[in-house]
Amino acid sequence: MSALILQIRQRIQELERKEKLAILALSVFLAFLMFFLVIWLPIYEYREKQRDSYQRSLDLLLYLQSTEEEARSVKVEGSNRMSGQTLLTKVTRTAKTAGIQPSRLQPEGNDSVSIWFDSVSYRELMLFLERLQLREAIYVIQLSIDKGNQSGIISSRVTVRS
């Protein structure tokens, strides 16, 4: 390795003054370019990403703080049967939109309902249960499914709670 360096130095010594200055300028430029590409640019990009992440987090925090009171009031209203609808009404309406008809509905206290289905499509029942959970915040606490005579047709008993 040192022999290679000595050979390069000897060749540089043989060059004219203008050529030496050109090589020196090129070396300084390449050193600056390497510093920029290897050290400064990655640090700058990391800093910008962190600044953006911080700003997004700060925006989210400010939004959550601004809606905290509203969310707390919704929670209180939700426990008082939001918009005056009973659990039974929500279940009936959701079943209708899912395209299924319960065979029987029975309230189980103030906050739960048992629902019976005779000969209903498994797919439609699962769609109904998904809509109850996602749209109405009504959750399944008990589910019993019996296989029907036809493929994909079942009978079930579901107990849900708000």
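**Figure 1. Salt bridge between Glu136 and Arg93 in the predicted model.** Glu136 counts as buried, since its relative accessibility is 17% and the cut-off for buried is under 20%. Its partner in this predicted model is Arg93, and the two side chains form a salt bridge whose closest N and O atoms are 2.4 Å apart. Glu136 belongs to helix H4 (residues 122-136) and Arg93 to helix H3 (residues 87-98), so the pair ties together parts that are 43 residues apart in sequence. Arg93 is partly exposed, at 32% relative accessibility.

**Figure 2. Salt bridge between Arg161 and Asp111.** The side chains of Arg161 and Asp111 meet at 3.5 Å, N to O.

**Figure 3. Network of salt bridges around Glu48.** Arg47, Glu48 and Arg51 are joined in a network of salt bridges. In the pair formed by Glu48 and Arg47, the closest N and O atoms are 3.7 Å apart. Glu48 is partly exposed, with a relative accessible area of 22%. Arg47 is also partly exposed, with a value of 42%. The count for the model comes to five salt bridges. Side chains of opposite charge can pair when their charged atoms come close.

**Figure 4. Helix H1.** Helix H1 covers residues 2-14. At 1.5 Å a residue, its 13 residues should span 18 Å, and the end C-alpha atoms are 19 Å apart, which agrees. H1 is hardly covered, and the count of buried residues in this helix is zero.

**Figure 5. Positive phi at Ser119 and Ala137.** Most residues other than glycine have a negative phi. Ser119 is not a glycine, yet its phi is positive, at about 55 degrees. This serine is found in strand E2 and counts as exposed, because its relative accessibility is 60% and the cut-off for exposed is over 50%. Ala137 likewise has a positive phi, near 55 degrees. Ala137 sits in the loop between H4 and strand E3 (139-147) and is partly exposed, with a relative accessible area of 39%.

**Figure 6. The whole protein chain, for orientation.** The secondary structure comes to four helices and four strands, which run α-α-α-β-β-α-β-β from the N terminus on. The radius of gyration is 36 Å, well over the 15 Å that the globule rule gives for 162 residues, so the chain is more spread out than a compact globule. Along its principal axes the C-alpha trace spans about 105 × 45 × 25 Å. Buried residues make up 17% of the 162 residues. Of the contacts with a separation of 6 or more, 53% are between residues 24 or more positions apart. The protein chain exposes about 12,800 Å², and carbon and sulfur atoms supply 57% of that area.

Terms used: Residues numbered from 1 in each chain as written. Predicted model: local features only at pLDDT ≥ 70, side-chain atom pairs only at ≥ 80, totals over all residues. Heavy atoms only, no water. Salt bridge = Lys/Arg side-chain N within 4 Å of Asp/Glu carboxyl O. Buried < 20%, exposed > 50% of the residue type's maximum accessible area, 1.4 Å probe, protein only. Helix = DSSP H or I, 4+ residues; strand = E, 2+ residues; numbered from the N terminus. Expected span 1.5 Å × (residues − 1). Rg over C-alpha atoms; globule rule 2.2 N^0.38 Å. Contact = heavy atoms within 4.5 Å. Areas by Shrake-Rupley, 256 points an atom, 1.4 Å probe, with all protein chains shown as cover.
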